[in-house]
Amino acid sequence: MKARMCCAGLRNLLQGLSFSAKYYSKHNPPQTVCLFSKIAPKKCHILGCSKSTCTHRTAPPGSILPCRFFSCKQEGTKVLSKRKQNTSMVTSELLHKSLLKSEQKNWNNISPRYKAMTKRIREKLEELHNMYTLNSRSPRIRFGENVYFEENGCIFLAKADDGEGNAKILFSIEDLGFSDAFIQRIRISPDQRYMAISLKSENSEEATCIIMKLGNLPVVEKVIPSVFSFEWAANDVLYYTAQKNLKCQNVFMTTFTYQKLTKLVYTEQDARFFVDLYCTKDRHFLTINSNSKTTSEVWLVDCRHPFESPALVQARTTGLMYHVEHRKDQLYILTTYGEPAEYKLMKAPVASSGKENWQLVYALERKTKLVDFEMFSDDCIMFLKNAGHLYLNVISFVSHSVQSIKLPTWACEFELESHPEHTTSTCYFQLSSPVHPPKRFAYSFKENNLIEQAVQEVPIITNCHTTRLLAKSKDETLVPITVFHNKNSKELHRRPLLVHVYGAYGIDLNMSFKEEKLMLIEEGWILAYCHVRGGGEQGLSWHRDGCQHNKLKGLHDLRACITLLHQEGFSQPKHTALAAASAGGVLAGALCNAAPALLRAVVLQAPFVDVLNTMMKTHLPLTIEEQEEWGNPLEDEKCMKYIKSYCPYQNIKPQCYPSVFITAYENDERVPLTGILQYVQKLRKAALDHASRTSNKGNWIPNIILDVQADGSHCDSSWEHSLNEVWSLYCTAP
């Protein structure tokens, strides 16, 4: 039903989310989310200090031992007898199998027609992939004189002054027999005697943690299944969170020398909260972060005394989010505390960390998105977004000054590289856009300037023009749009247009580089990204204005954006396609019902299209925690009526729909496949009913295609998805 992002940095916190184990959420994100696809990406993500989301509320807090449990059962909900439940389940399963078989048969009949087109697209994408992706390299992590890096499923160790030609292999996925897995996260112990690695496959939400004992001959010390996050509290003490049914609510500690033991140290009992771990940059504290969509609670483990009980920073207070860093006996706290309810940097003594002692260090400007945050010994860097432009603020704790540095105007997305040593004098990061491959930059604290790294080996497309627009929504709110098109394209109103939307969870549209986007630009397409409310492009208030009882504002924003694009001469309805993934399917599906004449085609990946029925099913693993985004229709009749007013499945009716291409995953744990199957059946019937009633008027019958993939999981980022995205556009669009 829903998606969670892997803890790849503070941006998860800053989006006010608590993600499970995947990159993109009902987005994409992931972006995205997910919104976040690359062609045959290298299956490695050496994540640096994985900062986490932090959130909480006044209801029962997470407990330090003993373990307490929770129930997802809602009071007042009618419970069926076991016989009726079993009968209902059997009937539902038979219906599911029947629908799935029907769609698979339909797909097998359709797909051969496009064999030649598929071959052309595949060859072009492979060419672009070889040109760009294969020239990139994975991040390097430096610990003193040692450099760790990952290439092709192997982890290497090299000496900083010796070059990588003499690198030593520490770990190989293939040697351990994990052929279908990729490296998701790496953590090196402070004394570099141990290395913890998480392995994950595209077909599973859960990861396996492998602990290697390093030395002349590295050996596997321990294997821990179903792990989400993990951090070293000391040289031989590892804390980790266990994941079950897309939830993380238990924190364990395990040791590797002397008396080896594993014990439970923290349990969260509120079903809306998700627990993950993070080590402060100076490694003084390990933080246990319990987060809902709107509320945080953080506990500190002193890394000098890792066996002592965690200490509470600030008890959960509904609506208060915060994240903790540490420097010189002071906690530096990114928080929504105070007015306005946007992120601020505050500080407090470790010994008296309650919010009554928090002192303001820096507050963001209005409509500014805090994308990420990195702490160093004497400075911190905030990566910010305002009016679609990226820039960074460098805050000096020594001179008490703030320097603002603009980043290149073409940049739409950034990725912070790992900096394990907080005393480093340089901060490295990469910038990209949908049509601009990642380029490495560095900020030097000593030189106080931005440094562009080695010249790009691969030529970058120079004939792509970027335009930023503002659409006026129904309530006069101005909604940003980012547009890309080929400078050489003539008569833009005749060119095909691909519109992207997400609008949920406070997540920005994923605008990182993708080869398939570059291919579309080269073939004359216009790409538009609509930053509607519900996303996070203009701060936390932008998200609040598009969630729960404000969801329709996101729909109004999307409609206004597409209308403005056509008015400005970017294509026209008969050449316009709309793309969305996961939760973005809510707005895309709602627009299909409300204004189908604006579109000719819709391309959806693992779309969330049955909000009402899904939010009524508390047995699903993420329903309870999602109530802060969508509301609780079980207990609030007004909420039920409101969801019903925009829910894509609930509002299908006989009319002239655009063509629709949906990619779904048979084993998707977040968006139930049954809901998508029923949506497709109902949509196809409505389109055929309309066509039969108006056959004499020459109305066309849209293609409504569902590709159910047996492999892959929610918002897959594989090669096949990249191919399908372009393929589906040509199948559905004119």
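This is a predicted model: local features need pLDDT of at least 70, side-chain atom pairs count only at pLDDT 80 or more; totals for chains, interfaces and linings use all residues.
**View A. The salt bridge between E205 and R670.** The closest N and O atoms of E205 and R670 are 2.9 Å apart. E205 lies in the loop between β6 (194-201) and β7 (207-213), and R670 in the loop between β34 (659-665) and α11 (673-693), so this pair ties together parts that are 465 residues apart in sequence. E205 is buried, at 2% relative accessibility, and R670 is likewise buried, with a relative accessible area of 0%. The pair forms a salt bridge, and the structure holds 25 salt bridges.

**View B. The salt bridge between E417 and R440.** Here the closest N and O atoms are 2.8 Å apart. E417 belongs to the loop between β24 (413-416) and β25 (426-433), while R440 sits in strand β26 (residues 436-444); the pair links distant parts of the chain, 23 residues apart. E417 counts as buried at 9% relative accessibility, whereas R440 is partly exposed at 29%.

**View C. The salt bridge between E637 and K641 in helix α10.** The closest N and O atoms of E637 and K641 are 3.7 Å apart. Because E637 and K641 are four residues apart in helix α10 (residues 637-646), about one helical turn separates them. Both E637 and K641 are exposed.

**View D. A network of salt bridges.** The residues linked in this network are K247, K293, E625 and E626.

**View E. A negative surface patch.** E145, D161, D162 and E421 form the patch. Among them, E145 is found in the loop between β1 (140-143) and β2 (146-151). E145 is partly exposed, with a relative accessible area of 45%.

Technical notes: Residues are numbered from 1 along each chain as its sequence is written. Side-chain values use heavy atoms; hydrogens and water are left out. Patches are made of residues with over 30% relative accessible area and no salt bridge: like charges are joined within 9 Å, nonpolar side chains (Val, Leu, Ile, Met, Phe, Trp, Tyr) within 5 Å. Accessible areas come from the Shrake-Rupley method with a 1.4 Å probe; for residues, only the protein chains shown count as cover. A salt bridge is a side-chain nitrogen of Lys or Arg within 4 Å of a carboxyl oxygen of Asp or Glu. Lys and Arg count as positive and Asp and Glu as negative; His and the chain ends are not counted. The place of a charge is taken as NZ of Lys, CZ of Arg, CG of Asp or CD of Glu. Helices (H or I, at least four residues) and strands (E, at least two) are DSSP runs, numbered from the N terminus. Buried means under 20% relative accessible area, exposed over 50%, partly exposed in between (1.4 Å probe, protein chains only).
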